[in-house]
Amino acid sequence: MGVERRYALASAALGRSAVPPQAEEEERPELTGVTGEILDISPHLIIVENPEGVEERLVIAPWATAWRGQQVGPSGLPIGSRVTIRARQSGRVAERLWGDITRVTGVILSLGRERRDLTIELDCGPHRGTRSVVIPYGASGRIRVRHPQLQPGYLFDAIGTRLDGVTFAQLPATSQPAYRARSVPPPPPAYGGVQSRISGAAVWSDAFDDGETGAAYPMLERADSGCDDAGVSCTGLPYLAIGSMLYVGNVCEGRAGVIPIVACGCVAGRFCDRCVECGTSPRGRIVELSPVSYVQLGGDLVKGCFNARVGLG
Amino acid sequence: MDVVTLATAALALLVFLLLLGGTAKLATAGTDSEPGGLSRLGPGVLVPERWRKPVMIFCSFGEAVLAAGLVFTSNPLPRWGTIAFFSVATYVLWELRRRRPDVGCGCFGEASSAPVGLRSIGRAVVLAGLGVVVAIVPVSGADLLSEFSWELVAAVAVGAAVLMVLSPELEEGIARVRYRAPCEQRPVSTSRILSRLRSSAEWRSHNELLTAAEPEDTWRELCWRFFVYSGRTASGARAEVVFAVYLIGRRPAVRVAVVETETAGDPLVKSIGLSATG
């Protein structure tokens, strides 16, 4: 039985509506996340092939900006690169493009050197396996200043580009937690019971299927999720399940959505950091979103996080 | 009150605390379900990570050996060993407080997760002092029975009161009971909830509709755990029987729905029952 039926079955048992709830109607124009491979690009038009193999044509807005390891003009993105686009007007007008962007989040397993570049082997969680990342010499200064403990056992989180199958870290996505990955601080006692909405940091990960809408949530029962590292968070999060509908609100942009939990966010739960995108969020990563969901909620992939509120949808 | 009575009371307190501390440390080391749980506890943080668990187990066995030596022999070795143990503990706690003010003393396993304070150090000093008394007046477990009197009970009570005042674990324990994590945040065993479901009235009334003995799927959402069984409706159509069991109480609330397989989102036959609330 698929987990996608869980919401409907739980609704039947508890007598709630079988239609997943929607976030309150926003006055702000809706954003669409589009991913795919660039087939053609000009200063005013981009043609991408989405993961279903369908061509999509988007007008590039005059104010649009792009990133591919650094800020570039939209037409500077090469044909054939993977692109994530934030679009308006029902997905027809591209206003922000990220080319070949990737994010590597995990626990440092080993370090090595390749000429002047640094290479790191990361454990990205039991279901995501290991990844190798190259820190180019030119980016090592800004990575190291936010990751002072480049040693096995410590957490690592960086944003970069994936070119020809090699991942290059360009920007630190957070300030590295001072503790080892296995020593996550316990959550504070819940003196007043569990709040229906919990504040913290929402981040993104590219460990989802291409174009998938969904979230990875840290507080899952280990036996249910098949993830031995689940159920760890320094925030007092309630237990939910894969298949639950999660309300995620972007406090910075005033946008919200109801997103299905599709994976275990065991690595995200080990980060007890804050997001300072707009004000300072309470400690703890409360949800990890797919790039499409993150972009639809108004997040900027290069910034890496937004202050968020989550709860059962 | 004579010296032997005081020494016997000291012996009783020492043996009780050594056994309690040893058992609690062993339990914590054995149920280190969350990797790194020991890293916030006791002198273990002063040694490399791979030695933390062995150090805790060694410490608990050492305490058990000392307690046995105090009870069953009058040999001076366990007595001086006890003095040495608590003297070293005093030094280690002092050092721990200076070098790692964020970690707990681990004296009683994970119950002692509060940062080391002067009270924990004072308790180690008092216990070393009790060890000196037992070493000077070599009483053993046999004296506990032969010297039994109300004076002995009073001496033990006074000593226990002093140690309780010096134990931050008591306040921590009271706080844990008072501010217990709400059920949404507590891990709850699936097998226990399943056995509660099987003793509910809803289970008995829907048991005949089930065509499988074990659930097809189970998951948890906040304070509810769901079990899905394959079954059939009263008319014989294939269906899924969903039980939702509340996680609190010995006779928790149980809700049930029978959902035809083809129309999971639109249950044609649905019955909701509520048993005694937990």
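# Reading a two-chain predicted model

Tutor: Let's start with strand E14 of chain A, residues 245-250: six of its six residues are buried, so the strand is mostly covered. A residue is called buried if 20 or more other C-beta atoms lie within 10 Å of its own, exposed if 12 or fewer, and partly exposed in between, with C-beta atoms placed from the backbone. The model is predicted: local features need pLDDT of at least 70 and side-chain atom pairs count only at pLDDT 80 or more, while totals for chains, interfaces and linings use all residues. Residues are numbered from 1 along each chain as its sequence is written, and chains are lettered from A and ligands numbered from 1 in the order in which they are written.

Student: Which residues of E14(A) are on one side and which on the other?

Tutor: In a regular strand the side chains alternate between the two faces of the sheet. Here A:Met245, A:Tyr247 and A:Gly249 are on one side, and A:Leu246, A:Val248 and A:Asn250 are on the other. Both faces are covered, and these residues are all buried. Strands here are DSSP runs of E with at least two residues, helices are runs of H or I with at least four, and both are numbered from the N terminus.

Student: How many bridges join E14(A) to strand E15?

Tutor: Two strands pair if DSSP finds at least two bridges between them. E14(A) and E15(A), residues 255-264, run antiparallel and are joined by six bridges. A:Leu246 has A:Ile259 as its bridge partner in E15(A). Four residues lie between the strands of this hairpin, where A:Gly254 takes a positive phi near 70°. E14(A) also pairs with strand E17 of chain A, residues 305-312, in the antiparallel sense over five bridges, and there A:Val248 stands opposite A:Val310.

Student: What is A:Leu246 in contact with, leaving aside its neighbours within four places in sequence?

Tutor: Contact means that the C-beta atoms, placed from the backbone, lie within 7 Å. For A:Leu246 the list includes A:Tyr217, A:Ile259, A:Ile261, A:Val287 and A:Val310. A:Leu246 also turns up in the largest nonpolar core, which has 112 residues. A nonpolar core is a set of buried Ala, Val, Leu, Ile, Met, Phe, Trp, Tyr and Cys residues joined through C-beta atoms within 7 Å. Those with the most contacts inside this one are A:Leu246, A:Val248, B:Phe226 and B:Val242. Its largest share, seven residues, comes from E3(B). There is a second, separate core of 33 residues, including B:Ala7 and B:Leu93.

Student: What sheet does E3(B) belong to?

Tutor: An open sheet of four strands in chain B, ordered E1-E2-E3-E4, with antiparallel pairing. Strands E1 (217-221) and E4 (254-260) are the edges, each pairing on one side only. Neighbouring strands are turned by 20° against each other on average, direction ignored. Axes are lines fitted to C-alpha atoms, for helices over the stretch in contact, and angles run from 0 to 180 degrees between N-to-C directions. Helix H1 of chain A, residues 6-14, packs on this sheet and touches E1, E2, E3 and E4 of chain B. The helix direction makes about 70° with that of E3(B). E3(B), residues 238-246, pairs with E4(B) over seven bridges, and B:Ala244 stands opposite B:Arg255.

Student: Is A:Ile159 buried or exposed?

Tutor: A:Ile159 counts as buried because it has 24 C-beta neighbours inside 10 Å. Its place is in strand E10 of chain A, residues 155-163. Among its contacts beyond four places in sequence are A:Ile101, A:Leu171 and A:Val302.

Student: How many helices and strands does chain A have?

Tutor: Chain A has four helices and 17 strands. The radius of gyration, taken over C-alpha atoms, is compared with a globule rule of 2.2 Å times the number of residues to the power 0.38. Chain A comes out at 19 Å, close to the 20 Å that the rule gives for 313 residues, so it is as compact as a globular protein of that length. Of those 313 residues, 50% count as buried.

Student: And what pattern does chain B follow along the sequence?

Tutor: Chain B reads α-α-α-α-α-α-α-α-α-β-β-β-β, with nine helices and four strands. Of its 278 residues, 40% count as buried. An automatic or database domain assignment divides chain B into domain 1 (3-180) and domain 2 (185-263), and 47 Å separate their centres, taken over C-alpha atoms.

Technical notes: Contact = placed C-beta atoms within 7 Å.
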